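Q: I'd like to go through this model label by label and ask what each one rests on. Here are the sequence and the structure.

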Amino acid sequence: MQTKRNDLQGIRGLAILSVLGFHFYPHRFPNGYLGVDQWYLKQSNFTILLLIVILLVANGILVYKDEIREVMRKQKTGGKEFKEVEEEKNVIRKYPIRKYPRLDALTDDMTLDDAARMNAYWHQHDHMAAELQWPNCVSRGPEHNWCDFKENGTEFKIAMLGNSYVQNHHKMLIQECKHRAYSFAMDSETGCEPLASPHTTVDNGGMGVEWVQACAKKLDEFVAFIKDTKPDFAFILTRFTAIAEPFDIDENHLETDKIYLEMKKQLGRLLPNIKRKLFMIDSFPRVNRSKLDSIVEELKRNKTIEEINKSLYNPSGFERGRRRLAELVKKECRSKCELINYVDAFWNKTMNAFQYFDARGFTYFTSGYHLSAHGIEHVRHLYRDICDNL
């Protein structure tokens with residue numbers, strides 16, 4: 001009767017490990033292929049089949065790890081967001097809630113006159129207001145608008161890219177993620193989007209027509225920024241303009257749509273340089289900025305919130321932007337991309353409408369199409385949940 005030799009079994013085990021090591025970490029196990037010569041080709045069909053199955057399963061787990069993690073999260077929370085579960089069951093958070101002074105400086109005793117004063121201040125200072133700026137961004141040089149914030153986290157690097165929404169949002173995002181991230185890189189290109197450049201001249205907050213041509217050149221700038229940064233996570237922070245332009249035919253023919261094809265090409269250039277995940281603000285309705293100054297005045301005249309809100313609604317084709325982004329995520333990057341939904345965040349279920357200001361008259365938006373400090377506080381919970389669950 002033939003018996004197994006323990007010494008040979010040990011050698012076979014080392015050969016298996018060398019093959020697996022070479023497969024998953026070729027730089028650490030450069031000679032692992034020798035396991036194939038010394039062992040792999042001499043084994044039975046069953047042993048080879050077993051190894052193939054192990055490698056196949058391991059590859060599947062690595063490729064679909066984000067989707068598996070998302071399924072497990074939904075099973076754990078019953079398909080609800082972490083914020084909803086916490087409210088219903090008082091679940092202990094993985095990370096304590098960070099507490100910062102409110103960026104909008106609002107208090108419970110403020111009146112309509114205070115709302116008029118604060119709204120005017122937000123319109124005047126817009127996205128560059130002092131309370132929205134995070135200090136000490138170190139420039140990478142005069143040839144680019146790139147700079148870096150160093151923080152106390154230890155886990156990963158985050159990149160923020162887009163138009164003036166980067167300046168608008170960056171302080172809040174850093175506050176919510178800095179307990180985990182050690183670096184935040186920022187590239188803010190005024191009026192330009194990372195995924196597509198405008199093909200037509202439209203109103204973009206009072207900017208001149210020359211920005212249309214300038215943004216086409218900025219597409220390469222965004223790619224260079226991401227290649228140079230190589231972040232673990234990236235956030236595209238932008239108000240839509242280009243991606244919401246009219247379809248060449250209709251929403252069912254995106255395979256020939258110029259804007260969609262440009263978005264697809266640009267994503268293909270950005271995504272390989274992002275190690276883990278890309279987050280993007282989804283398109284949402286703009287505000288009719290000519291009516292923003294009259295919110296408090298209309299409330300004092302006893303107009304309803306619903307009436308005033310209706311006069312502020314300015315869709316500007318945002319549904320087209322959402323359609324293109326949804327198709328892009330579905331077809332081109334799946335679990336490596338995630339949309340940040342402001343429509344849900346600002347949706348008033350009672351009015352069944354997108355809401356531009358609160359019941360006390362404080363606006364969520366500015367005349368420059370940005371979020372006011374009050375609007376930034378309104379969406380903070382979205383970024384808190386993202387940062388806690390990266």
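A: Happy to. Let's begin with Leu261, whose place is in helix H9 (residues 258–270); helices here are DSSP runs of H or I with at least four residues, strands are E runs of at least two, and both are numbered from the N terminus. This is a predicted model, in which local features need pLDDT of at least 70 and side-chain atom pairs count only at pLDDT 80 or more, while totals for chains, interfaces and linings use all residues. Residues are numbered from 1 along each chain as its sequence is written, and side-chain values use heavy atoms, with hydrogens and water left out.

Q: Why does Leu261 count as partly exposed?
A: The relative accessibility of Leu261 is 39%. Buried means under 20% relative accessible area, exposed means over 50%, and partly exposed is what lies in between (1.4 Å probe, protein chains only). The value for Leu261 falls in the middle range, so the label is partly exposed.

Q: What does Leu261 touch, not counting residues up to four places away in sequence?
A: Leu261 touches Leu254, Glu255 and Thr256, where contact means heavy atoms within 4.5 Å.

Q: Why is H7 called oblique to H14?
A: Helix H7 (residues 165–177) and helix H14 (residues 373–388) pack at an angle of about 40 degrees, with axes 9 Å apart. Axes are lines fitted to C-alpha atoms, for helices over the stretch in contact, and angles run from 0 to 180 degrees between N-to-C directions. Under 35 degrees is roughly parallel, over 145 roughly antiparallel, 65 to 115 roughly perpendicular, and the rest oblique. That angle falls into the remainder, so H7 is oblique to H14.

Q: Which residues make the contact of H7 with H14, and how do they divide?
A: H7 brings residues including Met172, Leu173 and Glu176, and among those from H14 are Ile376, Val379 and Tyr383. The contact residues divide into seven nonpolar, three polar and three charged. Here Ala, Val, Leu, Ile, Met, Phe, Trp, Tyr, Cys and Pro are nonpolar, Asp, Glu, Lys and Arg charged, and the others, Gly among them, polar.

Q: What makes E1 and E9 the edge strands?
A: The sheet is open and has seven strands with mixed pairing, in the order E1-E2-E4-E3-E5-E6-E9. Two strands pair if DSSP finds at least two bridges between them. Strand E1 (138–139) and strand E9 (337–340) each pair on one side only.

Q: In what sense do E1 and E2 pair, and what about E3 and E5?
A: E1 and E2 pair in the antiparallel sense over two bridges, with Val138 partnered by Asp148 in E2. They form a hairpin with six residues between them, and Gly141 in the turn has a positive phi of about 145 degrees. Strand E3 (residues 156–162) and strand E5 (residues 233–237) are parallel over five bridges, and Ala159 has Ala234 as its partner in E5.

Q: How do you know that strand E2 is mostly covered?
A: E2 spans residues 146–150, and four of its five residues are buried. E2 is also joined to strand E4 (residues 181–188) by five bridges in an antiparallel run, where Phe149 is partnered by Phe184.
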